[in-house]
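Please read the following note with the coordinates open beside it. The points are numbered so that each can be checked separately.

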Amino acid sequence: MCRVPAPSTIDPVALPAPAAPPGRRRLFGVATMVGSGLSNQTGAAIGSLAFPVIGPVGVVAVRQYVAAVVLLAVGRPRLRSFTWRQWWPVLALAVVFGAMNLSLYTAVDRIGLGLAVTLEFLGPLTIALAAVRRRVDACCAVIAAAGVVTLMRPRPSTDYAGLGCGLVAAGCWAAYILLNRTVGSRIPGTQGSGAAAAVSALMFLPVGAVVVVTRPPTPAAVGCAVVAGVLSSAVPYLADLITLRHVPAQAFGLFMSVNPVLAALVGWVGLGQRLGWTECASVGAIVVANTLSMATRRT
């Protein structure tokens, strides 16, 4: 995700589920979730078009700037009132936020959008499975592990660096969820997310300067990076806030399972990144693991 902080990293468990929303509201919520997922993955695909000019680092830098503008406007953090007990998780969140997006976009550049998002998805899946002790969750963990092993099986064309970046992104997403809970419990509203996004953007200012000097950007590349920031940060963040008012938190978490599928679809249609049968089976196994875990969980 937050990707603002990635949108799908918004923790639905921390938000109350509406009681039996009417059919129209639920349908509207589903439509909003679909739009959010497609916007997020389309933004990542458009951002990848700028990789040949400014690289994943340049795209992530621009995305961090866009996320900071969005979250500062929404959260309006009162930075001077923060105590050290509030600041340290914010600073950690800022580091994780930047590392998460950088590792994800590097993975997208090396192994494609569908596989990168699938591996990143292991982060929240691990958090979800670790939180409970049920036989079905043990089965889900085995299914997900089988999918990962299949993806990373040794073969001449295996890009282990790209797969590794995807797993780093997963670890960062898991850390983001835990840190976001801490920040949310210590800082009211979205002030903590806004502060973390601002700090992360400041950290990427020198990175952006180096990119400008070493890899002079073109207007088209900058435009793609900005669009990626809007579609993968601003739109999903606001859409998810609306969605959680219309659908139960469990349904929101269940729909997150579709994101790897949407990423594979967008990568295929928009970027020509076709997955083989083995990769499709691996993506399906990880999606099924999360779907089964969420569908059988009691609210």
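Which backbone oxygen does the side chain of Gln86 reach at 2.8 Å?

1. The side chain of Gln86 reaches the backbone oxygen of Arg186 at 2.8 Å, and the backbone nitrogen of Thr83 at 3.0 Å. Both are polar contacts, a term that stands for a pair of N or O atoms within 3.5 Å, where within protein one must be able to donate a hydrogen and the other to accept it, and where residues adjacent in sequence count only if both atoms are side-chain atoms. Gln86 itself has its place in helix H3, residues 84-111, and with a relative accessible area of 16% it is buried (buried is under 20% relative accessible area, exposed over 50%, partly exposed in between, with a 1.4 Å probe and protein chains only). Not counting residues up to four places away in sequence, Gln86 touches Ser81, Arg186 and Ile187, contact being heavy atoms within 4.5 Å.

2. On provenance, this is a predicted model, in which local features need pLDDT of at least 70 and side-chain atom pairs count only at pLDDT 80 or more, whereas totals for chains, interfaces and linings use all residues. Residues are numbered from 1 along each chain as its sequence is written, and side-chain values use heavy atoms, with hydrogens and water left out.

3. As to the overall fold, the protein chain has 13 helices and zero strands, where helices (H or I, at least four residues) and strands (E, at least two) are DSSP runs numbered from the N terminus. Of its 299 residues, 52% count as buried. The accessible surface comes to about 13200 Å², and 71% of this belongs to carbon and sulfur atoms; the areas come from the Shrake-Rupley method with a 1.4 Å probe, and for residues only the protein chains shown count as cover.

4. Helix H4, residues 113-120, is mostly covered, since eight of its eight residues are buried; among them are Leu113, Leu119 and Glu120. Gly166, which lies in helix H7, is buried with a relative accessible area of 0%. Leaving aside neighbours within four places in sequence, Gly166 is in contact with Ala107, Leu119 and Glu120.

5. Three aromatic pairs are present in the structure. In one of them, the rings of Phe121 and Trp173 have centres 6.4 Å apart and planes at 70 degrees, so this pair is edge-to-face (rings of Phe, Tyr and Trp, the last by its six-membered ring, pair if their centres lie within 6.5 Å, and planes under 30 degrees apart count as stacked, over 60 as edge-to-face and the rest as tilted). The pair links distant parts of the chain, with Phe121 in the loop between H4 and helix H5 (122-130) and Trp173 in helix H7 (residues 160-186), 52 residues apart. Both Phe121 and Trp173 are buried.

6. The structure holds one salt bridge, that is, a side-chain nitrogen of Lys or Arg within 4 Å of a carboxyl oxygen of Asp or Glu. Asp159 forms it with Arg110, and the closest N and O atoms are 3.1 Å apart. This pair too links distant parts of the chain, as Asp159 is in the loop between helix H6 (135-151) and H7 while Arg110 is in helix H3, 49 residues apart. Asp159 counts as partly exposed at 22% relative accessibility, and Arg110 counts as partly exposed at 44%.

7. Leu72, in helix H2 (residues 51-75), counts as partly exposed at 34% relative accessibility. Leu72 and Gly194 are 122 residues apart in sequence, yet their C-alpha atoms are 4.7 Å apart in space. Not counting residues up to four places away in sequence, Leu72 touches Pro77, Gly194 and Ala198.

8. A backbone angle deserves a check: Arg76 has a positive phi of about 45 degrees although it is not a glycine. Most residues other than glycine have a negative phi. Arg76 is found in the loop between H2 and H3, and it is exposed, with a relative accessible area of 66%.
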